[in-house]
Structures are given as C-alpha cells and as structure tokens.
Amino acid sequence: MVGNGIPPSADVSTSTPFLLVCKTAHEWMLPFLYHSVKFTTAGQLSKFLSSHDLPDDLMESSLSPPSSRLDLIQNIHIGETPSEKGNLEYGSTNWPLTVLTRLLWLTRSLKRLTILNLDQNKWRTFEHAVPASLEYLALGPIHGPFRPQDLKQKPPLKMFTSVLTYMRDDEVQDAVCYPTMRRVRRMLESSSMAPHWAIEQVGCVSKSPALERMEIVLLGREQYTEIAAAVMKEQAKIVSRDPRVAIVEDNRSWVKIIYQEWDDYRLQFLRAHTD
C-alpha cells in the first residue's frame, strides 16, 4: 500500500473515487481520534510530538497537516491510569519536560488537562505554556505551589482539582477567588490529618461571589470516610456555614476517579457527534 491507501497496481483513473472516499473518511475521523489523548510513558509523549510538530509542507496535500491536528485536542491525561502504571512516576527522571512544554504550547484548543505524579518542583516550568483555552486542570499527588493567577496566558479556568496535596492558605484563597473559577476540589486521604487542615481553610469561600462549590473529597475505606466526614461536617460549621462548602466521601482510588472523568468527557464528545 502506498501513502494514500491505493494498491500499487491500481489504475489512477479508476482509483480516484476511492482516494476521495478515503480522504473524506480520514478527515471525518480526525476529530474523534484527537479529541481525547492520554500518555502514560515518556516514549509516547516524545513520539507523538515528533510525529506532529512538523512543517506543514512535509505532509501530502490530500491530507490535513499533522500540526493542524493538534488544534483538535481538547482533553489530555498524562500519567498513570487504573490499568497502566507507565513510567511517569513522581521524582522520576523519565519526564520529558521540554516535550511536554512544547505539546501544551501547541494544543491551542485544550479544555481539560490532567498531569499526575509530576515532581512538585517542575510545575513552574509549564505555567507559561498552559493554553489560554483551558477550563479544567487536575494536578497531583504533591503538585507543588499552584496559583491560577500565575498562568501566563490567563485561561478561563473553571475547575481545579488538587490530589493528595497540602496547599497553603494563600494558594487555596487564590484558587477560590480566581475570577472564572466555579469549582475547587481537593482529594485527601480520610485516615490522615490532611482533611482537618483543609477544612480550616474553607473560610475563604466567602471572598468569592463567583465560586459555586468548594469540595473536600475524603478518600479511603468506608469505615474511615464515614467517621472523617462526620467530624469534618461539624468542623466546617465552625469555620464556615457557606452552603457552597461540601464534604464528599468516595471509596474509589483517586486514579480511578480522575481517569474516569477523562473518559467520561471523551465519551460525551463521541455521543454528541455520533447520535
């Protein structure tokens, strides 16, 4: 088979309709193939970028250039999944930081971004590359300092999820008070002291007229989350009676929760465009 999918022996005149059908099918499929992408290894990230970050004139004119396909990406998951650990682990030297920065810089239509297990000292290297289109961001565990105001391209961030990370008072307030923020969610182990520290910080919700929900998700076994939730709800009444503060129990692993949301967004797009 040659580049356009035409058998080498085919007569050009008789193969022209087949070529047009292939091109049409190819172009129709691209939004479905590129809407949601995930990477669990450094090799996947590097290969993907190297095959798309190319001059447009290297691509056959009958097909859309690789660089333009990056504009179709709206949903990226980077890191482990429930079924695949990968090699992008916390503290690992496998992280291709330059590649990741370049990928974020080129995905100008990105709406949702999840980066798991990135070293807490590395997040700063990406802030300038986070695209202006981003609406959802999930980081952790131990994601390092995060202030949406430091994102250089000022995206209209609507939701921020922090996984298993202690956040300073000023970080929590800055996230809650970011002008476009509607939901801040913190996932914490119910058997640790982290929920107690987090609940002490919810008072800042009163400073944001735009926020719709400040959520503390208690992770772990049911017997632990039930007890922790009861204590947290009583403690929240002392710190803040704002109805936007919510204590939620979830017995699933944080990886499963985060990945399921990536997949749900992918399926939502598929259903909306195939029904």
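Predicted model: local features only at pLDDT ≥ 70, side-chain atom pairs only at ≥ 80, totals over all residues.
Numbering starts from 1 along each chain as its sequence is written, and side-chain values rest on heavy atoms, with hydrogens and water left out.

To start with the overall picture, the chain holds 8 helices and 8 strands; these are DSSP runs numbered from the N terminus, with helices being H or I over at least four residues and strands being E over at least two. Of the 275 residues, 47% are buried. Here buried means under 20% relative accessible area, exposed means over 50%, and partly exposed is in between, with a 1.4 Å probe and protein chains only. Among contacts with a separation of 6 or more, 69% join residues 24 or more positions apart, a contact being heavy atoms within 4.5 Å. Areas come from the Shrake-Rupley method with a 1.4 Å probe, and for residues only the protein chains shown count as cover.

Turning to the rings, the whole structure has 8 aromatic pairs. Rings of Phe, Tyr and Trp (its six-membered ring) pair if their centres lie within 6.5 Å; planes under 30 degrees apart are stacked, over 60 edge-to-face, and the rest tilted. F32 and F269 make a tilted pair, because their planes stand at 55°, with the ring centres 5.8 Å apart. Since F32 belongs to helix α1 (residues 12-34) and F269 to helix α8 (residues 254-274), this pair ties together parts that are 237 residues apart in sequence. Both of these phenylalanines, F32 and F269, are buried. Another pair, F39 with F48, is edge-to-face, at 5.2 Å centre to centre and 65° between the planes; F39 and F48 are buried too.

W28 also sits in helix α1, and ring pairs link W28, F32 and F269 into a cluster. W28 has a surface side to its story as well: with M29 and L33 it forms a nonpolar patch on the surface, with about 320 Å² of accessible area together. Patches take residues with over 30% relative accessible area and no salt bridge, joining like charges within 9 Å and nonpolar side chains (Val, Leu, Ile, Met, Phe, Trp, Tyr) within 5 Å.

Two arginines sit over rings. The charged end of R108 lies over W105, 5.2 Å from the ring centre, and R112 covers the face of Y265 at 5.0 Å from its ring centre. For this, NZ of Lys or CZ of Arg has to be within 6 Å of the ring centre and within 35 degrees of the ring normal. W105 itself is part of helix α4 (residues 97-106) and is partly exposed, with a relative accessible area of 40%. Leaving aside residues up to four places away in sequence, W105 touches H128, A129 and Q153.

R168 is partly exposed at 36% relative accessible area, whereas E171 is buried at 3%. E215 and R213 meet at 2.5 Å, N to O; E215 is buried at 6% and R213 partly exposed at 33%. D250 and R252 pair up at 2.8 Å, N to O, with D250 buried at 14% and R252 partly exposed at 36%. Salt bridges with shared partners also join R124, E127, R147, D150 and D174 into one network.

E171 and D174 turn up again in helix α5 (residues 169-176), whose buried residues are E171, V172, D174, A175 and V176. The buried residues of α5 pack against β6 and β7 (213-219). In the loop between β6 (183-189) and α6 (194-199) lies S192, partly exposed at 29% relative accessibility. The C-alpha atoms of S192 and L219 are separated by 9.9 Å, and the two residues are 27 residues apart along the chain.

Note on methods:
Salt bridge = Lys/Arg side-chain N within 4 Å of Asp/Glu carboxyl O.
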